[in-house]
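Have a go at each task before reading its solution.

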2 protein chains.
Amino acid sequence: MKKSALIAVEAAFECLLQLAEKEPIGDVERVALDDAEGRVLAEPLIASLDLPPWPNSAMDGYALRLVDWIGEPLAVSQTIFAGQAPEPLQSGTCARIFTGAPVPKGADCVELQENTELLEDGRVRFSQALRPRQNIREQGQETRCGETVLVVGTRLGPAQLGLAASLGIVELPVRRRPRVALLSTGDELVRPGQPLGPGQIYNSNRTLLLSWLKRLGCSVLDAGILPDDPQLTRARLEELAEADLILSTGGVSVGEADCFGQILREEGELALWKLAIKPGKPLTVGRYRGVPIIALPGNPASSLVTFALLARPYLLRRLGVRAVMPLAFQVPAGFAWSKPGKRREYLWARLENGRAVLYSNQSPGVLLSATWADGLVEVIEDTTLAEGDSVRFIPLSEVLG
Amino acid sequence: MKKSALIAVEAAFECLLQLAEKEPIGDVERVALDDAEGRVLAEPLIASLDLPPWPNSAMDGYALRLVDWIGEPLAVSQTIFAGQAPEPLQSGTCARIFTGAPVPKGADCVELQENTELLEDGRVRFSQALRPRQNIREQGQETRCGETVLVVGTRLGPAQLGLAASLGIVELPVRRRPRVALLSTGDELVRPGQPLGPGQIYNSNRTLLLSWLKRLGCSVLDAGILPDDPQLTRARLEELAEADLILSTGGVSVGEADCFGQILREEGELALWKLAIKPGKPLTVGRYRGVPIIALPGNPASSLVTFALLARPYLLRRLGVRAVMPLAFQVPAGFAWSKPGKRREYLWARLENGRAVLYSNQSPGVLLSATWADGLVEVIEDTTLAEGDSVRFIPLSEVLG
């Protein structure tokens, strides 16, 4: 059999992003801030007020006018707690002020209480030199009314939602949840809880991807394990016409029993990619009656790696997310690598004393490796490594959310 | 006023973990695998079967007996698809076999189909040298029946749940969700959606921490903004007797209007820590009628940093999680740092071309910094940095989940 050329990971990545951009999931819904966690912002968030709305004290202390500081103690003409509206500062006096309280009109600096002396007659002595505007958080220092604070395509996490709250916002326009139909192929697969017959194994990909898709804010249509019957398979696929993506696991490649692949080949576009990636060589991208399909390999560690590096960015980009690449870090290898490969290898690793150490068994059939690891180490094609060489480390936390 | 000594971040961290270990949230509940995402395993997960359950083929190809390979083509005596139970291999023949299918009794190696030639008479010619057990995934290679595959305290993500599924498991014993009562103090605070009076700001901490606590699998009691009234505050606190933790934001320190702090001081233990950390100096740890309290500072960026580095590990350790420290990486600083501080500084940063660059405004009142950043850079006490110096970078993804 002839060997077709391998496709580089970057090329597959770029191609998937292009496909995603041609087919954005553009529908918008408005959700309450408390329910917006993990969703993707559909319109720019524009500040409707200055933040902070007025100059306020960064410290507990005294607000005063610089020109009044001539070395003589000042009387305290008012006390300003956070949440209060102060009177303009009386000339020749200071104001007791607490963190977050508005700086009164006329005051142009705040001195820390630790640097002052409260005299018995109630006046306050300032002994240290003062700078104009010191310890004052200026109005609009964080943002000005009318400025864009979050762009379209921002994923909403705690900080983004907190920022929206600080602008007084109670609901946000977000992209609707992508509807992902999840299905598994493989006559050997049995749903957990059922008895295991000879030659059968339990389906782990469904559980793995279901929990992951939920983390990504998807609405999952569970299409189960495809039956090895063309008619039943067609009927099952018909039910998925509303999906934004059909995500499957298990070979759509050369297996003779591959009823799913055959139907896909008959019904429309289907590209079989031989990726220069290990684990996870075969990735199929296609379409069934208009619905995009990504078919991941069936080995759980392979489906995990290809989902993390390719299907996840694709899905996020369909929602308009720009930052779809995980952060990666250069770390010293705590291992040597003597077998240069034709494919880019992703190895299950942990960071120990700043070095990447490998899990003992990197077989793609093994999921224990992924539960042990806290990251993936990337080994470039045709490369050997000595211990201590710098390698790229992708924390799993960067792809899991 | 006298200055008390600063507490190092490590010391506060260790102290909080010790407090957490004295008060584990030990209650166990059984949840379906599909609902176990983000939960913490309460009992070790022990393999109830070998994985894989039988030797299987790692490739599409032919299974044969090494001794039968004498250069002569072999007849194909059976075809074994994944999911099928094979017959023992007939002596002097080979079996067509697909990836994941059980290797038939008697066969001791699998040859890739690419390395074979199918003759017109249906026999298969093997021309390359063969090694015993090649392309066979051995029974129990991933794990053996009876082995512990996940320890108590494991957080359950996609890989862990996938592994449980591969063992046929449908539900898991997990720690119950921690009940966290979330409250804000500060007379300047207004709930988003309400009109903003003079001197008032919107409460961002509630939204920020609510979404974060949900990500951590907590059940949140929303206790709102505490009124500045001792009786009402007491009444509100009485309602939180069932909480595992009261998490508050806003000064419990020196403010004269600090009704919450005063009640806590009257009712029980209260430790005010001056942490050597910036942002986030004041952290209060205490107890109200037996319920543990962590009082974070009120500035949103300060509450974010102290929650990430101190309260989050505390909460996870209460559930028995061992790995509570975020991964951190050494990266070159894309900035210079000329102001050595008495406190450890955490700076909002992004990774650009492998270097950490800083957000322009590091003020603790500013939350925009946190929405911009993808990590925190740690600057050790009494340190200056030149551009290119190595600094510790904590990806936000490591603390957000």
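**Exercise 1: Domains of chain A**

The centres of domain 2 of chain A and domain 3 of chain A, taken over C-alpha atoms, lie 35 Å apart. This is a predicted model, in which local features need pLDDT of at least 70 and side-chain atom pairs count only at pLDDT 80 or more, while totals for chains, interfaces and linings use all residues. Residues are numbered from 1 along each chain as its sequence is written, chains are lettered from A and ligands numbered from 1 in the order in which they are written, and side-chain values use heavy atoms, with hydrogens and water left out.

Task: state which residues make up each domain of chain A.

Solution. Domain bounds come from an automatic or database domain assignment.
- Domain 1 of chain A covers 9-27 + 177-318, and domain 2 covers 29-50 + 142-175.
- Domain 3 of chain A is 56-137, and domain 4 is 329-400.

**Exercise 2: Backbone details**

Task: find where the cis peptide bond from A:Leu51 to A:Pro52 sits, then do likewise for A:Lys278 and A:Pro279.

Solution. Helices (H or I, at least four residues) and strands (E, at least two) are DSSP runs, numbered from the N terminus.
- The bond from A:Leu51 to A:Pro52 has omega near -15 degrees, and A:Pro52 is in the loop between strand S2 (45-46) and strand S3 (56-57) of chain A.
- For A:Lys278 and A:Pro279, omega is about 0 degrees; A:Pro279 is in the loop between strand S19 (277-278) and strand S20 (282-288) of chain A.

**Exercise 3: Salt bridges**

Task: count the salt bridges over all chains, and examine the pair A:Arg287 and A:Glu23.

Solution. Begin with the rule: a side-chain nitrogen of Lys or Arg within 4 Å of a carboxyl oxygen of Asp or Glu.
- The count is 48 salt bridges over all chains.
- A:Arg287 and A:Glu23 meet at 2.9 Å, N to O.
- This pair links distant parts of the chain, 264 residues apart: A:Arg287 is in strand S20 of chain A, and A:Glu23 is in the loop between helix H1 (9-22) and strand S1 (28-32).

**Exercise 4: The interface**

Task: describe the contact between chain B and chain A by residues, area and polar pairs.

Solution. 
- With contact meaning heavy atoms within 4.5 Å, 84 residues from chain B and 84 residues from chain A take part.
- Buried area is the accessible area (1.4 Å probe) that two parts lose on being put together, summed over both; here that comes to about 6600 Å², 63% of it on carbon and sulfur atoms.
- B:Glu142, B:Pro158 and B:Phe329 supply 9% of the area that chain B buries against chain A, more than any other three residues.
- Four salt bridges are counted between chain B and chain A, and B:Asp34 and A:Arg206 form a salt bridge at 2.7 Å, N to O.

Definitions and conventions: Polar contact = N/O pair within 3.5 Å; in protein donor to acceptor, adjacent residues only side chain to side chain.
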